[in-house]
Amino acid sequence: MPAARVRHRNRGRSAMRSLSKDALHSLQSRWEGYLDDHPDHQSEWGDQLFSVSDVLGKNRAFSRSLTDAARTADDRVQLLRSVFDGKVSGEVLDLLSGVVRGSWADSDLSVVIESLGVTSILVSAQHNRVLQQVEAELGFASRLINRSPRLQLELSDPTVSNSARRALINAVFERLNALTKTLVERAARSGSTQLISHWIRAAIDEAARIGGHLVATVAAGTLPSDDQIRRLEEILGHRYGKPVIAHVHLEPELVGGLRVAIGDDVIDGSILARIRQARASLAHPAERGDNQVENGGIRRMEE
């Protein structure tokens with residue numbers, strides 16, 4: 001059987017510095033631990049963090065003041081509290097105070113706070129035992145948006161009010177969990193289709209982090225059985241050294257086989273990919289794919 005081609009995904013260029021990303025991941029992990037002890041407020045605090053992120057996104061001068069290294073940390077905290085005291089809970093205000101004491105680019109601050117809101121919503125999903133459902137529904141929503149140009153335009157249109165966008169999402173995704181719809185609405189505010197897709201991908205990754213597993217997005221020419229999916233998850237878990245949950249969807253154009261995306265890797269064992277590979281080999285017989293690996297895992301799953 002021909003080899004499956006493995007390549008790395010280009011997830012889009014992020015403006016956030018790597019140091020800021022590391023600091024954000026640390027914040028998310030600590031905030032998650034605090035949320036675990038306050039299950040009745042998780043989604044409420046998430047909504048409050050989203051509101052703060054919106055304020056900062058609309059007022060760059062204010063955001064710059066909160067990240068101005070020329071100001072002392074106490075000055076930045078005092079400024080923050082003068083605006084948000086009484087508008088958010090004491091717990092969220094304490095979290096925000098800790099955030100502005102750190103070192104952030106002003107363009108990162110609203111993203112950081114929104115990301116903490118995402119963590120809050122996903123921890124609420126975990127507490128309500130629907131985390132995997134929300135995670136899978138986010139993938140479904142992203143695929144539907146990517147395949148519908150009209151929906152893309154309506155969701156990303158800056159002239160559409162938030163209430164109208166929310167009504168559209170409720171109509172299109174009425175069967176999805178309310179927490180999923182909250183996250184899709186936030187994603188839709190990010191702008192272009194590419195940004196919406198990137199936002200949802202980041203939310204899925206955060207859900208996987210909270211759930212302690214990796215996510216494999218599996219496109220199948222024909223839908224595999226439950227046993228085949230479990231075998232694929234076992235194979236990938238062994239390969240990546242961590243539990244893997246597969247999100248499977250049908251793509252008939254693949255003809256047969258699977259295309260698996262996990263992390264930054266894409267393992268393409270579809271019949272379509274094999275046809276293309278065979279054509280390329282016939283056209284350029286002297287060239288061999290040095291970046292190919294044997295697709296024994298996928299082949300064993302299919303047998």
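## Q42 in helix α2

Q42 counts as buried because its relative accessibility is 2% (buried means under 20% relative accessible area, exposed over 50%, partly exposed in between, with a 1.4 Å probe and protein chains only). Q42 belongs to helix α2, residues 42-58 (helices, H or I with at least four residues, and strands, E with at least two, are DSSP runs numbered from the N terminus). Its side chain reaches the backbone nitrogen of S124 at 3.5 Å.

Please keep in mind that this is a predicted model, where local features need pLDDT of at least 70, side-chain atom pairs count only at pLDDT 80 or more, and totals for chains, interfaces and linings use all residues. Residues are numbered from 1 along each chain as its sequence is written, and side-chain values use heavy atoms, leaving out hydrogens and water.

## Strands β2 and β3

Let's turn to the strands. Five of the seven residues of β3 (residues 244-250) are buried, so this strand is mostly covered. Seven bridges join β3 to β2 (residues 214-220) in the parallel sense; strands pair if DSSP finds at least two bridges between them. Between β2 and β3 the chain passes through helix α12, residues 226-240, in a right-handed β-α-β crossover (with the strands pointing away from the viewer, the path from the first strand over the helix to the second runs clockwise). Within this pairing, T217 has H247 in β3 as its bridge partner.

F140 sits in helix α7, residues 131-146, and counts as partly exposed because its relative accessibility is 39%. Together with L144 and V172, F140 makes a nonpolar surface patch of about 220 Å².

Notes:
Patches are made of residues with over 30% relative accessible area and no salt bridge: like charges are joined within 9 Å, nonpolar side chains (Val, Leu, Ile, Met, Phe, Trp, Tyr) within 5 Å. Accessible areas come from the Shrake-Rupley method with a 1.4 Å probe; for residues, only the protein chains shown count as cover. A salt bridge is a side-chain nitrogen of Lys or Arg within 4 Å of a carboxyl oxygen of Asp or Glu. A polar contact is a pair of N or O atoms within 3.5 Å; within protein, one must be able to donate a hydrogen and the other to accept it, and residues adjacent in sequence count only if both atoms are side-chain atoms.
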